[in-house]
Every structure is written in C-alpha cells, then in structure tokens.
Amino acid sequence: MEKKAFEIIDQSHDYMLGLWSDLVNQDSGSSYKEGVDAVATRIENELKAIGFKTKQVEFEKAGNTLVAEYGDCSKDFIICIGHMDTVFNKIGETKERPFTIENGLAYGPGCLDMKGGDTILVTVLRTLIGLGYNKHGIKVVLAGDEETAHPFSNCPEIIQQEAKGALAAFDFETAFEDNGIVVTRKGVLSFNVETFGRATHVGNAPENGRSAIIEMAHHMIDLEALTDLDKGYNITCGVIEGGTVRNSTPDYCKCACDMRVKSIEQMDEMIAVIEKTLAKQYVPDTTTKLTINAKFLPQVIVPGTDELFNFVKDIHEELGFGTPYMKHVGGGSDAAYTTSVGVPTLCAMGVKGQYNHTIKEYAIVDTLYERAKLLAAILCRI
C-alpha cells in the first residue's frame, strides 16, 4: 500500500497544488469568521467524499472547529490536528497577494502557516483511504482560531476530549528546513495591563495630574525584568497606547504583553508573580488592571514521545529525506492539548519554509510532496 500511495502522490501534484491554491486564496484571518468557515467547509467536503463522518463545532465569535472521524476511533487511533485560520486579518489580502509559485517557492497568505499542512493531510487521507486503508482509526481536528490562542472558543477542550485514547498525534504546523521535528513548545500567555490616572492641563494645573503613562512605564520595566531565560521564561511588553494630546496629563495607558514559559506549573507561578508585581504603585492615586486574554499550554514530552520520534526518524532517513532531530521552540501550538492528555505528539509536520506571520512567508513546493510521502509511510507502518 505504501508503494502504491507514493505513486498516487506523484500523480496528484495538480490536485495538491489546486487545493493548496484554493485554500490560500480564501481569506481566513482569525477575525474573519466567514472566511475561516469557508475553509472548514471546503476541507469538510473533501473528507466527506472519502467516507469521513464530520461535524463543525460552531462559535459565534470564532471560526468553527472541524472534527472528522474514519474507522474505529474508540482507542489506538491516530489524531491529526492543525488550524485553518491565518494571521492576515485584512479582507482582500489574498487578492493583493494571491497564491503564486516562483522558482520552486510558494507565496501567499498562510501558504506555509498552515494551509500547506492542511493540503498534505487531506491528500494523504484521500490517497490511503482510496487504497482501502483500515489499519487504524483516524481522527482530524482543525481549529478555526489557533493563531489567536482561542479567546472566543473552547477548541482546546475539544482537542483534549477528542484526543483521549489516541495512539499518537501529529500536528501539521509549519515545518523547518533543518529537518527539526518539534517535540516541545513553550506555553504562551497573552495579557493586557491598563493604568488609570488623572487628566489635567499641564500648563494651568500640572500638580493635579496623575500620569497613567509614567505608572505604566514603571510596570513595563518591572515586567520585563522578570525575564529569566536560564529558567525558561520571558516577558515582552509589545504594544503600548495612551494619552490624548501633548499638553494634557494622560489618564489612561494600555500595554499588550506576552509571556513564554516551559511548563504548566511555571505559567501558574508566573501569573501570581505578575499580579504581585503590578500591585506596586509608583504614581499616587493611579490604579492598575491586569486582563488575561488567552493562553496556550506548553507542548511537553510524555511517555511514548521518544519512541514515536525515533520511529518517524527511521522512516525519514530511509526515504532519503535527511536526518531529523528533536526540536524545542518557543512558539505555541495546539499540540499542547494532545500532550496535555498524555498522547505522544510530533508537531511541525507540515510543508517546509520560512517567515510565517509575515508578508515574506514562503513554502518550498517540493516539500509538500515529500511530507505527504512521509505521512503516508507513517500511517502505513505505525
């Protein structure tokens, strides 16, 4: 079956490029629910056509989550996860930068992160099931709001529930050109800090003012000083806004912040430290508010991770795709939620490329086919 699957993949380049192009050319920024849901429906129809039982879990303020099953998924099934949204929220972005291929590289919003991975997954399932694959049940869960860490959905809980009992999990996020396969990711906390002061005319009554910006400046220095890279966590104050005009004491300031941690326990500990840090007042009569927006749990190594990696490594080398290594990265993904229920998980199984989340994003076209063969071999042998 594996050999025949490879032959079909070699014959399916036009199909793969067509699907990839269609997915990329559909605007699906995380805030554009209609576009994300259109991608979900397109992929759902592809999976339905090959016999998957499917459903979309609907959300009011987030793209839907697609869940699909084939075969016996009561235990020892394979779960494949990913997402359908991109970071490019402007409607019309795909018309300005449509899917294109130049010199073996594919361009377009989300071509790398992660519509290439979606294309690989759909193609391989289409190929294997067409050949009568029945070795394991297969479950697919694709999120509609992964890029924003699910602030308006319960997708993490859906992934955790659907993953229970799985033999292994694969996440088709952006792959790396150096053949790294991700086995751990840091947890991510997105939070806002707001300070409230007192406005006054800086010429007529400067003594009455209480600057929210000065209070925030102290907090920002304190927060970033908490960073300890040796212990595996860092805090970044990334976006700041405040004030109205130059000649008025600013009575409001807001800072959007990001924290990365290596463990669930560390995240809980650091949230408490942040709360304690922000309790300190520098400018009299000001107040400070902390709002946690969203968070990713960390992806961690669980029993079976080493065995799963070595199994895939052997296949990777045998197929002539090079020698992969265990990669540890700081960016979050939904692989966190399969490992949180004890399922051995490999992430970054999608198409290879660089510069995701930027307009320079590109994917290496040949790796679309390489990674499809890798997945086909994994599913045939696991």
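Two strands are said to pair if DSSP finds at least two bridges between them. Helices (H or I, at least four residues) and strands (E, at least two) are themselves DSSP runs, numbered from the N terminus. The model described here is predicted, so local features need pLDDT of at least 70 and side-chain atom pairs count only at pLDDT 80 or more, while totals for chains, interfaces and linings use all residues. Residues are numbered from 1 along each chain as its sequence is written, and side-chain values use heavy atoms, with hydrogens and water left out.

Burial is judged by relative accessible area (buried under 20%, exposed over 50%, partly exposed in between; 1.4 Å probe, protein chains only). Seven of the seven residues of strand 3 (residues 77–83) are buried, so the strand is largely enclosed by the rest of the structure. Both of its faces are covered, with Phe 77, Ile 79, Ile 81 and His 83 buried on one side and Ile 78, Cys 80 and Gly 82 buried on the other.

Helix 6 (residues 155–163) comes next. Its buried residues are Cys 155, Pro 156, Ile 158, Ile 159, Glu 162 and Ala 163. They lie on the same side of helix 6, because they cover an arc of only 160 degrees around the axis (the arc is that of the directions from the helix axis to the C-beta atoms). Among the elements that cover these residues are strand 3, strand 6, strand 7 and helix 10 (335–339), where contact means heavy atoms within 4.5 Å. After helix 6 comes Gly 165, with a positive phi near 90 degrees.

The interior can also be viewed through its nonpolar cores, each a set of buried Ala, Val, Leu, Ile, Met, Phe, Trp, Tyr and Cys residues joined through side-chain atoms within 4.5 Å. In the largest core, of 63 residues, Trp 20 and Phe 170 touch the most other members. Helix 11 (residues 365–381) supplies the largest share of this core, eleven residues. A second, separate core has 23 residues, including Val 67, Ile 158, Ala 336 and Val 343.

Ser 28 lies in the loop between helix 2 (13–24) and helix 3 (33–48), and is buried, with a relative accessible area of 2%. Its contacts include Val 36, Met 84, Asp 85 and Lys 115.

A further sheet is open and has four strands in the order 10-11-9-12, with antiparallel pairing. Strand 10 (234–242) and strand 12 (287–296) are the edge strands, each pairing on one side only. The twist averages 20 degrees from one strand to the next, with axes taken as lines fitted to C-alpha atoms, for helices over the stretch in contact, and angles running from 0 to 180 degrees between N-to-C directions. Strand 9 (residues 187–196) and strand 11 (residues 252–261) pair over ten bridges, and Gly 187 has Val 261 as its bridge partner. Helix 8 (residues 264–278) lies across strand 9, strand 10, strand 11 and strand 12, at about 165 degrees to strand 12.

Note on methods: Lists of a residue's contacts leave out its neighbours within four places in sequence.
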